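Here is a short report on one protein chain. Look at the model first, then read on.

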Amino acid sequence: MAISRCLLSFLLISLFASFGFAEIRVTEIRSDGRPIIPFDEFGFTHTGRLELNVSQIALSNPNPDLDLSKVGFFLCTRDAWMHVLQQLEDGEVACALNSDLVKVVHDFKSLNRISSFDTVYQENDADQYTLVFANCLSQIKVSMNVRSAMYNLDGKKNRRDYLSAGKTILPRVYFLLSLVYFTLAGIWIYVLYKKRLTVFRIHFFMLAVVILKAFNLVCEAEDKSYIKRTGSAHGWDVLFYIFSFLKGITLFTLIVLIGTGWSFLKPYLQDKEKKVLMIVIPLQVVANIAQVVIDETGPFGQDWITWKQVFLLVDVVCCCAVLFPIVWSIKNLREAARTDGKAAVNLMKLTLFRQYYIVVICYIYFTRVVVYALETITSYKYLWTSVVAGELATLAFYVFTGYKFKPEAHNPYFVIDDEEEEAAAEQLKLEDEFEL
């Protein structure tokens, strides 16, 4: 039953989490008694290869009579897991390694007191597989160093491609998107120059967000490109994490500042708005630390699930927190529209903030829920589509924000004639009667 529970947990992890990109990974396992230890997931083509180098193997019980055929590595697809679970529940097999639904890469029965082995496994059946270590010996803990490399042979020269079959075009996607953002940054600089008399500090902050996003995509493109060719990021992952951290903090800060109306509506932040920033910024630090741990350790780490939950929780809290300033601004504008005699001015501001509130919610929902669902249901060959969908949604959000809050030569907030004022007052009156 313990094995079944572990298998079920791993199945849930497979369905609701994304593993690494299967670069060459070196893992240290120390006194681990888990019956199932998942490693990386990878989409193989018909020319797939797995290089597995295991050294310094040590068991907590060195009894030579142990059945070491119940300890070893295997490959398994997600679909096969359900059937393996059923076989274990029905007692058809006592160990996942004995199932005919898994592909055994290497077991420990051939060690013969040797503490290491190297093997190259050819996978000619195109599908998405997960490398898994199984230990079906109860009360036995295993220590070992594992070096795994999964790749596909590409082209006539059989070049190694260390990116999964559904991720192999991502370097080009990220690079093209970075060019789009650099172009947007150039356009924004031109707009700021042309409208320099009506530029606020928030507009320069928006420029910084776009530039950081562009550099983040460049680093991600180089990161994936090096992994694709060599199996290692060669330091580009560090730059990617740095720019990802800066991009995440500045984006959430920008949403909060725009939501408060800072700079273009008022030159200061209220105490409650400052508190939102004091919550969001540290949470973004925690979220980025969690993301680094998730990416660098992979699902074999015993604390990996905990860090994954921390990341999801923090991300949700940040997304909810940035909505409060927008709601406060909407409430304040509604109250001001009834009291200061400038109904049309405040109604236009109110309409803009309502639109922004809806767009922020749609952006959060799409990038956190819809993209995640696409990644879950899409075939492994087309996993790049979920990345493209998320990036296009982000691009649309950036463009909408820039267009709606761009500097204006004649600020529409204050150029209102008497007829517009009367019409706005009547509209607010109708809204109040409707609410009553």
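## Helix α3

Helix α3 has 25 residues. From first C-alpha to last, α3 reaches 36 Å, close to the 36 Å expected at 1.5 Å a residue. That expected span is 1.5 Å times one less than the number of residues. Helices here are DSSP runs (H or I, at least four residues), and strands are E runs of at least two, numbered from the N terminus.

This is a predicted model: local features need pLDDT of at least 70, side-chain atom pairs count only at pLDDT 80 or more, and totals for chains, interfaces and linings use all residues. Residues are numbered from 1 along each chain as its sequence is written, and side-chain values use heavy atoms, without hydrogens or water.

## What α3 packs against

Several residues of α3 are buried, including Leu170, Tyr174, Leu177, Tyr181 and Trp188. Buried means under 20% relative accessible area; exposed is over 50%, and partly exposed lies in between (1.4 Å probe, protein chains only). The buried residues of α3 pack against α4 (201-230) and α10 (384-404). Contact here means heavy atoms within 4.5 Å.

## Confidence

The pLDDT is the predictor's confidence in each residue, from 0 to 100. The chain averages 80, and 80% of the residues score at least 70. Where pLDDT is low, the predicted coordinates should not be read in detail.
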